[in-house]
Amino acid sequence: MRPYITAATTYVGLRAANDKFIAAAIVDMGRALEDAGPVEIATRLKGLSATKRAKIGLARLRVEGVPPQRIVSIVLAVSALIKVDSTAPRAKEFRTVQICKAVHRLASGTHRVWIVEDHQGRKRRTEMHTFPKSTGRVLREMGRMLEQPCEWVIEKHVVGVLAHRQRYARSRAAS
């Protein structure tokens, strides 16, 4: 996955200023992150609808400072990898879920650290790391929210990312 993300990140960075599809996808992705609403800690997600949990996932990305350009790059990288992989299912739903999994890793869970003093005055560090369960409906909803702003970019630029990756791989092999 890493070579595809590297190629897609470079490709998007080179074309973000000049390509209207990539520029629009970055702006739309930024808007989606801004419109996601408030962040809720992972232990309070039980019982919420899949759409609400997906929006909270987008809000986590915003709070963690994940740039929209990085998300667009990951969407392109996953799409390129699926296009090349002959064993990957061709269903759109598979791509949607894989995109969500790759992006969700960037800002998943709630992490807290406390310094607790015991009865003898010794200080101990206590940590809590809680991760929400990634259920199928949430992955599909969040994946759609991530994929929708990038549909034109996927259609127009996956081949370019693959070509860029090939050039990058050849130049690394030559050195």
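Trainee: At what angle do the axes of helix 5 and helix 6 cross?

Mentor: This is a predicted model, where local features need pLDDT of at least 70, side-chain atom pairs count only at pLDDT 80 or more, and totals for chains, interfaces and linings use all residues. Residues are numbered from 1 along each chain as its sequence is written, and side-chain values use heavy atoms, without hydrogens and water. Helices here are DSSP runs of H or I with at least four residues, strands are runs of E with at least two, and both are numbered from the N terminus. The axes of helix 5 (residues 92-104) and helix 6 (residues 136-147) come within 8 Å, and they cross at roughly 85°.

Trainee: Which word describes helix 5 relative to helix 6?

Mentor: Angles under 35 degrees count as roughly parallel, over 145 as roughly antiparallel, 65 to 115 as roughly perpendicular, and the rest as oblique. The crossing angle is roughly 85°. Helix 5 is therefore, relative to helix 6, roughly perpendicular.

Trainee: How do the residues of the contact of helix 5 with helix 6 divide?

Mentor: Contact means heavy atoms within 4.5 Å. Helix 5 contributes residues including Val97, Ile99 and Lys101, and helix 6 contributes residues including Leu139, Met142 and Arg144. Ala, Val, Leu, Ile, Met, Phe, Trp, Tyr, Cys and Pro count as nonpolar, Asp, Glu, Lys and Arg as charged, and the others, Gly among them, as polar. The division is seven nonpolar, three polar and seven charged.

Trainee: How far apart in space are Thr6 and His164?

Mentor: In sequence, Thr6 and His164 are 158 residues apart. C-alpha to C-alpha, their separation in space is 9.8 Å.

Trainee: In what order do the elements of the protein chain run?

Mentor: The protein chain has seven helices and two strands. From the N terminus on, the order is α-α-α-α-α-β-β-α-α.

Note on methods: Axes fitted to C-alpha atoms, helices over the stretch in contact; angles between N-to-C directions.
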